Amino acid sequence: MITARQFSVDEFGAYVTELYDTNGHPVLFPRTLIGNKNRGGSHICFPNFVPDAADVRPQHGFGRTVTWRSEVSVDGRTVTCAYDEVNDERFKGLSTKVKYEINETGDTFTTTLNVINNGSRSSTITPGFHPYFMIDATDVVLNRKRINVADFDPFQSFPDTTSIVLETAGRTVTV
């Protein structure tokens, strides 16, 4: 486990296990084993978010199930995780770096994913991140529309947009 000032990252899966705001309140639902799956925190979905059409690549890829090399910056604001041992023949030559960073004011958490293909052939990837935000289930506004969490379909279509805004628990999260 790598711990920075306001967050922790598990090297197994480059998984953000904890993220706190400047008042010490959790931003992410804590990683918890529910059934036989870890829920909570935020994990990387690499090299793909959803299964491919042929169902060869599994849901959320393999990035969350391998150990990444990690280091924390001297100022404790940045954790960098790297993975470049892709043994799967479909992804030979891919190297990946994830950078998690808290900005100087402490109110912004940034995740950056860089993927380099050093291989001799192209490879299609559709990576993503899967955050579990801490919410007040009685007060959730998503893209300026109040939603009922009990009836919410997480797979509904969103309009083409460069960001999604979640308002809940006295905070606004922009993704």
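Is Ser8 buried or exposed? In this predicted model, Ser8 has a relative accessibility of 4% and therefore counts as buried, the limit for that class being under 20%. The residue belongs to strand S2, which spans residues 7–10. The side chain of Ser8 forms a polar contact with the side chain of Thr3 at 3.4 Å. When residues up to four places away in sequence are set aside, Ser8 touches Met1, Ile2, Thr3, Tyr15, Val16, Thr17 and Glu18.

The charged end of Arg31 is placed over the Tyr15 ring, at 4.6 Å from the ring centre.

Aromatic pairs were examined next. A pair of aromatic rings is described by two quantities, the distance of the centres and the angle of the planes. With centres required to lie within 6.5 Å, the count comes to five aromatic pairs. In the pair formed by Phe46 and Phe62, the ring centres are 5.9 Å apart and the planes stand at 80 degrees; the pair is therefore edge-to-face, as the angle is over 60 degrees. Both residues lie in the loop between strand S6 (42–45) and strand S7 (69–72), and the pair so ties together parts that are 16 residues apart in sequence. Phe46 has a relative accessibility of 0% and counts as buried. Phe62, at 17%, also counts as buried, because the value is under 20%.

The pair of Tyr100 and Phe109 has another geometry. Here the centres are 6.1 Å apart and the planes are at 15 degrees, so the pair is stacked, the angle being under 30 degrees. Tyr100 is buried, with a relative accessible area of 1%, whereas Phe109 is partly exposed, with a relative accessible area of 25%.

Phe46 and Phe62 are also members of a cluster, which ring pairs build from Phe46, Phe62, Trp68 and Tyr83.

A search of the whole structure for disulfides gives a count of zero.

Methods. Residues numbered from 1 in each chain as written. Predicted model: local features only at pLDDT ≥ 70, side-chain atom pairs only at ≥ 80, totals over all residues. Heavy atoms only, no water. Phe/Tyr/Trp six-rings, centres within 6.5 Å; stacked < 30°, edge-to-face > 60°. Helix = DSSP H or I, 4+ residues; strand = E, 2+ residues; numbered from the N terminus. Buried < 20%, exposed > 50% of the residue type's maximum accessible area, 1.4 Å probe, protein only. Lys NZ or Arg CZ within 6 Å of the ring centre and 35° of its normal. Polar contact = N/O pair within 3.5 Å; in protein donor to acceptor, adjacent residues only side chain to side chain. Contact = heavy atoms within 4.5 Å. Disulfide = S-S within 2.5 Å.
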